[in-house]
Amino acid sequence: MLEWLARSTLLLLVRVQAERQIADTSGRGDFELFSRFRVKVERHYKEQWQVGQYADGLRVTAARLNRLCLKLAGKSAFEIAQERLMLEACRKLTYVPAGVASIAYELGFQDPAYFSRLFKKLMGVTPKEFRRQSRAPTN
């Protein structure tokens with residue numbers, strides 16, 4: 001658990017530094033919009049919002065939001081939202097003893113099989129394999 005907390009802290013520090021560099025190289029307005037997008041993703045990833053919903057909430061077009069995300073993060077808005085969803089899936093698979101189907105429902109999926117297919121597509125392993133690997137002792 002301490003190792004996980006240390007990694008989380010380091011990841012947070014790296015993100016803060018990266019965001020500062022992005023703010024320096026891009027316009028302040030772009031950075032603020034991107035930050036607001038990240039906050040919305042954090043609030044709504046379990047609802048699996050479409051890019052258009054995020055864009056509407058930010059009062060920009062979906063095309064502008066995607067261009068901004070590609071410029072600042074090198075990924076589309078959809079990819080950023082999917083990554084956040086998968087991060088939470090990985091956390092739950094690692095630390096929550098619930099079944100894969102239960103975790104899928106918690107994350108807003110109507111079909112656990114679809115969750116498993118998407119997880120494998122994005123993470124390279126099935127949720128069960130990921131859970132098994134995350135529990136394997138490391139040396």
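The model is a predicted one. The protein chain holds eight helices and zero strands, and its elements read α-α-α-α-α-α-α-α from the N terminus on. Taken along the principal axes, the C-alpha atoms fill a box of roughly 45 × 35 × 20 Å. Much of what follows concerns helix 4, which spans residues 62–73.

**Helix 4 with helix 2**

- Helix 2 covers residues 28–44, and helix 2 and helix 4 pack with their axes 10 Å apart, at an angle of about 100 degrees.
- Angles of 65 to 115 degrees count as roughly perpendicular, and helix 2 and helix 4 are therefore roughly perpendicular to each other.
- From helix 2, the contact takes in D30, F31, L33, F34 and F37. From helix 4, R64, L65, L68, C69, K71, L72 and A73 take part.
- Sorted by class, the contact of helix 2 with helix 4 has nine nonpolar residues, three charged residues and no polar ones.

**Helix 4 with helix 3**

- Helix 3 runs over residues 51–58, and its axis comes within 8 Å of the axis of helix 4. The two axes cross at roughly 95 degrees.
- Helix 3 and helix 4 are therefore roughly perpendicular to each other.
- Helix 3 brings V51, G52, Y54, A55 and L58 to this contact, while helix 4 brings A62, L65 and N66.
- The contact of helix 3 with helix 4 has six nonpolar, two polar and no charged residues.

**Helix 4 with helix 5**

- Helix 5 spans residues 77–95 and packs against helix 4 at an angle of about 70 degrees, with the axes 8 Å apart.
- That angle makes helix 4 roughly perpendicular to helix 5.
- On the helix 4 side the residues are L65, N66, C69 and A73, and they meet A77, F78 and I80 in helix 5.
- Six residues of the contact of helix 4 with helix 5 are nonpolar, one is polar and none is charged.

**A nonpolar patch on the surface**

- L2, W4, L5 and Y95 form a nonpolar patch on the surface. Together, these residues have about 430 Å² of accessible area.
- Helix 1, residues 2–25, gives the most to the nonpolar patch, with three residues.
- W4 has its place in helix 1.

Notes. Residues numbered from 1 in each chain as written. Predicted model: local features only at pLDDT ≥ 70, side-chain atom pairs only at ≥ 80, totals over all residues. Heavy atoms only, no water. Axes fitted to C-alpha atoms, helices over the stretch in contact; angles between N-to-C directions. Helix = DSSP H or I, 4+ residues; strand = E, 2+ residues; numbered from the N terminus. Parallel < 35°, antiparallel > 145°, perpendicular 65-115°, else oblique. Contact = heavy atoms within 4.5 Å. Nonpolar A, V, L, I, M, F, W, Y, C, P; charged D, E, K, R; others polar. Patch = residues over 30% accessible without salt bridge, like charges linked within 9 Å, V, L, I, M, F, W, Y side chains within 5 Å. Areas by Shrake-Rupley, 256 points an atom, 1.4 Å probe, with all protein chains shown as cover. Salt bridge = Lys/Arg side-chain N within 4 Å of Asp/Glu carboxyl O.
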